[in-house]
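Here is a short briefing on one protein chain.

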Amino acid sequence: MLPGIALVYLFGNQGLLRSLLTESIYGYWGLVLGEVIYTFPHALMILLSALSMSDARLFDAASSLGASSWRTFRSVTWSSSRHGIFAALCLVFTLTITDFGIPVVVGGDYQVLALEAYKAVLGQQQFGRGALIGMLLLLPALLTFGVDVWLRKRQRDAMSSRAQFYLPKANFQRDTLYLIFVMLICALFLLVFGTGSLLLFYSVLAL
């Protein structure tokens, strides 16, 4: 819910940065932005873990055989990290489809299953309908959890005990561009989470 609250204070109708957006934050695009901010740190940790387990010997072999950068990415990087990428996709899907906080804050008139379950139980007193929606939310979560466990097992089986950690060669131009890109992403996340945290802190003090 914290990203949703921060988005309201930043890009809402009376938000500090409302002029930067051409459309209202309430609705589909608000949901997309909020869920991206919410799930990005979780996916990033899995991707970093998957990429850090790449075997340097495979990259050395590809370089010795004269493979191009694209061929190396397709044959080595993707092959060694695809299980982690799929695991991150499963986690993001589960977090998004079961999330309630962001849709209730910035969802507007856009309906999601979590909100429908809430309305059915508390708003309409239709406990059977709420239970059915809850089961619909539970099934994909269990499915993605099972797929994630299977992918992690496949990745562990593919790892060799003699694997060497891969350290990319330094490239000033590439590294500078990536540094600027990462700093922009960090600034966005600090802005969102910092705003939300400060607002919650002052609201607690006001009580």
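The chain has 8 helices and 0 strands. From the N terminus on, the order is α-α-α-α-α-α-α-α. The model is predicted.

**Whole chain**
- The chain has 207 residues, and 29% of them are buried.
- Among contacts with a separation of 6 or more, 71% join residues 24 or more positions apart.
- The accessible surface comes to about 13800 Å². Carbon and sulfur atoms hold 69% of that surface.

**Nonpolar surface patch**
- Tyr28, Trp29, Val32, Val36, Phe40, Leu44, Met45, Leu48 and Tyr110 form a nonpolar patch on the surface.
- Together these residues have about 860 Å² of accessible area.
- Helix α2 spans residues 28–52, and the patch includes Tyr28, Trp29, Val32, Val36, Phe40, Leu44, Met45 and Leu48.
- An α-helix has 3.6 residues a turn, so residues three or four places apart point the same way.

**Leucine 48**
- Leucine 48 lies in helix α2 and belongs to the nonpolar patch.

**Helix α6 and its end**
- Helix α6 covers residues 113–123.
- Which residues of helix α6 are buried? They are Ala114, Leu115, Glu116, Ala117 and Ala120.

Key
Residues are numbered from 1 along each chain as its sequence is written. This is a predicted model: local features need pLDDT of at least 70, side-chain atom pairs count only at pLDDT 80 or more; totals for chains, interfaces and linings use all residues. Side-chain values use heavy atoms; hydrogens and water are left out. Helices (H or I, at least four residues) and strands (E, at least two) are DSSP runs, numbered from the N terminus. Buried means under 20% relative accessible area, exposed over 50%, partly exposed in between (1.4 Å probe, protein chains only). Contact means heavy atoms within 4.5 Å. Accessible areas come from the Shrake-Rupley method with a 1.4 Å probe; for residues, only the protein chains shown count as cover. Patches are made of residues with over 30% relative accessible area and no salt bridge: like charges are joined within 9 Å, nonpolar side chains (Val, Leu, Ile, Met, Phe, Trp, Tyr) within 5 Å. A salt bridge is a side-chain nitrogen of Lys or Arg within 4 Å of a carboxyl oxygen of Asp or Glu.
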